[in-house]
Amino acid sequence: MRFYEKKILPYLIDSFCSSSPTTKQRQKIIPKASGDILEIGLGSGLNLEFYNPSKVNKIWGLEPSIEMQALAKKAQTKTKLKVNFLTMPAEALTLEANSIDTIVLTYVLCTIPDVDKALLQMYRVLKPEGRILFSEHGLAPDKNVQCMQNVINPLWKKVSGGCHLNRNIPLLLRNAAFQLQEDNRMYIPGFRFAAYNFWGIATK
């Protein structure tokens, strides 16, 4: 399993998350990021090309996987951005309170083991006037798709690095005391059980 997680899974995640539909979702939110930015789950660096360098002060890229970080560093070389890599789980953020202008979340809340604790840490480090920009997949509105998600989820988690198909993203954000300023939802092309997307902006 360690071989799969280190040598195969990073490339599978990179391939799955770089599909045309998910790339279009990233393009909707990443250019809005500004100031001191914290990207949770930097992964292989798929968002880096979409940041507007003129709006960026610094980027903190949190990514616990060294293997994924290696891919992100290759992606970074194709940009003018400087990324400060953080090798820690989101649940254990060490950044100072009220220090971040923008938190970026793309296809990561599905994977964090203790997502509630991680969101509380994000709330702590976000400035009072700061924003969360998010694009995530999660719980579908249709009962038949929900049933499929619930059935597939246990096996899916094992082969996809802990990804949950059925998390209610807006509810998770609200439970962490964030306010949804933009809340968009729709199916994007792909397997229907993994294709219901939420994207928008949340604030303290």
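Author: Let us start with Tyr-107, which is found in the loop between E4 and H4, where helices (H or I, at least four residues) and strands (E, at least two) are DSSP runs, numbered from the N terminus. Please keep in mind that this is a predicted model, in which local features need pLDDT of at least 70, side-chain atom pairs count only at pLDDT 80 or more, and totals for chains, interfaces and linings use all residues. Residues are numbered from 1 along each chain as its sequence is written, and side-chain values use heavy atoms, with hydrogens and water left out.

Reader: What is phi of Tyr-107 near?

Author: Most residues other than glycine have a negative phi. Phi of Tyr-107 is near 55°, a positive value in a residue other than glycine. Ala-177, in the loop between H6 and strand E6 (179-187), also has a positive phi, near 80°.

Reader: Is Tyr-107 buried or exposed?

Author: Buried means under 20% relative accessible area, exposed over 50%, and partly exposed in between (1.4 Å probe, protein chains only). Tyr-107 counts as buried because its relative accessibility is 11%, while Ala-177, with a relative accessible area of 38%, is partly exposed.

Reader: Which residues of H4 are buried?

Author: An α-helix has 3.6 residues a turn, so residues three or four places apart point the same way. In H4 the buried residues are Val-115, Ala-118, Leu-119, Gln-121, Met-122 and Val-125. They lie on the same side of H4 because they cover an arc of only 155° around the axis, the arc being that of the directions from the helix axis to the C-beta atoms. Among the elements that cover these buried residues of H4 are E1, E4, E5 and H6, where contact means heavy atoms within 4.5 Å.

Reader: How many residues does the largest nonpolar core have?

Author: In soluble globular proteins, nonpolar side chains tend to be buried together. A nonpolar core is a set of buried Ala, Val, Leu, Ile, Met, Phe, Trp, Tyr and Cys residues joined through side-chain atoms within 4.5 Å. The largest one here has 33 residues, and those with the most contacts inside it are Leu-38, Ile-40, Ile-103 and Met-122. H4 gives the most to this core, with five residues. Leaving out residues up to four places away in sequence, Ile-103 touches Leu-38, Ile-40, Met-122, Val-125, Leu-126, Arg-131, Ile-132 and Leu-133. A second, separate core of 18 residues includes Ile-30, Ala-33, Tyr-51 and Trp-199.

Reader: Which residues lie nearest the centre of the second largest pocket?

Author: Rolling a probe the size of a water molecule over the atoms shows where empty space is left. On a 1 Å grid over the protein atoms alone, a pocket is an open set of points where a 1.4 Å probe fits, with protein on both sides within 12 Å along at least five of seven lines, and lining residues have an atom within 4 Å of a point. The second largest pocket is lined by 16 residues, of which Ser-44, Gly-45, Leu-46, Glu-49 and Ala-75 lie nearest its centre. The largest share of its lining, three residues, comes from H3.

Reader: Where does Ser-44 lie?

Author: Ser-44 lies in the loop between E1 and strand E2 (56-62), and at 7% relative accessibility Ser-44 counts as buried. Leaving aside neighbours within four places in sequence, Ser-44 is in contact with Asp-14, Met-68, Leu-71, Ala-72 and Ala-75.
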